2 protein chains.
Amino acid sequence: MKQTHAVGIKIVFFTVSEGKLFAFLPNHRVPEQSLSHNHTLEEEASICVKKTLGLTPHEGFVEQLYTISDPTDVHAVTVVYYMLVPPDRVSIDKKGKWLPVFENKQAVTDDKILFYAVQRLQWKIEYTNAVYSLLPNQFTLGELQRVYEAILNKSLDKRNFRKKILSLGMVKDTGKKRKQGRARPAEVYTFVSRKLTIVEIL
Amino acid sequence: MKQTHAVGIKIVFFTVSEGKLFAFLPNHRVPEQSLSHNHTLEEEASICVKKTLGLTPHEGFVEQLYTISDPTDVHAVTVVYYMLVPPDRVSIDKKGKWLPVFENKQAVTDDKILFYAVQRLQWKIEYTNAVYSLLPNQFTLGELQRVYEAILNKSLDKRNFRKKILSLGMVKDTGKKRKQGRARPAEVYTFVSRKLTIVEIL
DNA sequence: ACAAAAGTGTTAGAAATACACCCATGT
DNA sequence: ACATGGGTGTATTTCTAACACTTTTGT
């Protein structure tokens, strides 16, 4: 005799904007959805992404975090994911629901999930190219650094950062330059690969 | 309207013995069990551990790996764990069901799960004291090194290994010595903590 | 001329790696 | 005496971290 359970998924959506890490938390909650029959978890996650932000999952980077269970909850079993959302796909009308992760002082229902997701994200960007999904196709090293700083919540040394990134070979120079304001134009880079890659020094 | 799903758990049991990493694979399968109502995943995992090997989970180290889904499977959703089993709790009569992970050439039904579990385990022991659960309370550095070598599937330099382990402060000297065979008696060590600890150099 | 961000090298300390011999015991 | 596993130190290389000034552009 087989027993069945209500299964849900939760997705912590992250984006970086104005030098800050934001999470999508409408009503101070992590978006959640029930798993339907005939759907895999991945399919259901796609639907959740679509429904919540109007995106498809391959527009960002999605990773499964872990699975929790609580027989007394609406969902006896909940599979938790996080997704990195490119800032240009964040629509303005949802602005109020994106909370700055490190500054927010409001209570968040799923704060443990949120903090764990942040930690896993911080970890992930240290040894993979996962940040590609938080930057447009072309970007400057300054922009890249600001994304790292926003996620790690600390400032980094410019020279050491560039040395590291370039030695890892995760980005390549396009030869183009971009002017911004009244500053010196910056070199424009692209990611060598826009798929998740373990970057390690051989 | 809420839909429900059959949920299962699978546990990859590891142990180290005779200098080799073994996984418990009766019928070349990873042990599996259905989640019952009123049980959390952790409770169900405990029951599975008990039923499969006659142990309680706190006799070893248990970690959740990830959750997979297949709507056409007996279990639409399966949560995968691995557990490190102290070798002295491995009973002889189950001997034939423990397969040597790196030497085994027989087909294993859940080989992807198995290999992923091995990889996560290899990773884990690099920055935590998780191996405590594969050693008795008292052990020599030689025994500890053989456990690392079995899991990493490569040999390590004795001097560098000892330097590293001692500098991490995860073990302490008991002052006792243990004679084994016709060799020089070895210092006996214990783990500073038998809880999972992130070991890093400050 | 000045404000703003981009770009660039060196040095010192820490950590990782490679490597070979003597020690204490049992047979 | 010899076989077995235990124990120890040094030199090299690599990685990390700290640090300040010049360049190019717009105003």
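Mentor: The discussion below takes up the DNA surfaces and then the packing of helices.
Mentor: This is a predicted model, in which local features need pLDDT of at least 70, side-chain atom pairs count only at pLDDT 80 or more, and totals for chains, interfaces and linings use all residues. Residues are numbered from 1 along each chain as its sequence is written, chains are lettered from A and ligands numbered from 1 in the order in which they are written, and side-chain values use heavy atoms, with hydrogens and water left out.

Trainee: Which residues come nearest to DNA strand C?

Mentor: A residue is near a strand if one of its heavy atoms lies within 4 Å of it. Around DNA strand C there are 22 residues, of which Lys158(A), Arg162(A), Glu187(A), Asn160(B) and Arg182(B) come nearest. Helix 4 of chain A gives the most to this surface, with four residues; helices (H or I, at least four residues) and strands (E, at least two) are DSSP runs, numbered from the N terminus.

Trainee: How many residues of each class does the surface near DNA strand C have?

Mentor: Ala, Val, Leu, Ile, Met, Phe, Trp, Tyr, Cys and Pro count as nonpolar, Asp, Glu, Lys and Arg as charged, and the others, Gly among them, as polar. The surface near DNA strand C has 13 charged, six nonpolar and three polar residues.

Trainee: Which part of DNA strand C does the side chain of Lys158(A) approach?

Mentor: An N or O atom in the side chain of Lys158(A) is 2.7 Å from a base nitrogen of DNA strand C.

Trainee: What is found at DNA strand D?

Mentor: Here helix 4 of chain B provides the largest share of the surface, four residues. A backbone N or O atom of Glu187(B) lies 2.5 Å from a phosphate oxygen of DNA strand D.

Trainee: How is the packing of two helices described?

Mentor: The angle between their axes and the distance between the axes describe two packed helices. Axes are lines fitted to C-alpha atoms, for helices over the stretch in contact, and angles run from 0 to 180 degrees between N-to-C directions. Helix 3 (residues 141-152) and helix 4 of chain A pack at about 100°, with axes 11 Å apart. These two helices of chain A are therefore roughly perpendicular, a term for angles of 65 to 115 degrees.

Definitions and conventions
Polar contact = N/O pair within 3.5 Å; in protein donor to acceptor, adjacent residues only side chain to side chain. Parallel < 35°, antiparallel > 145°, perpendicular 65-115°, else oblique.
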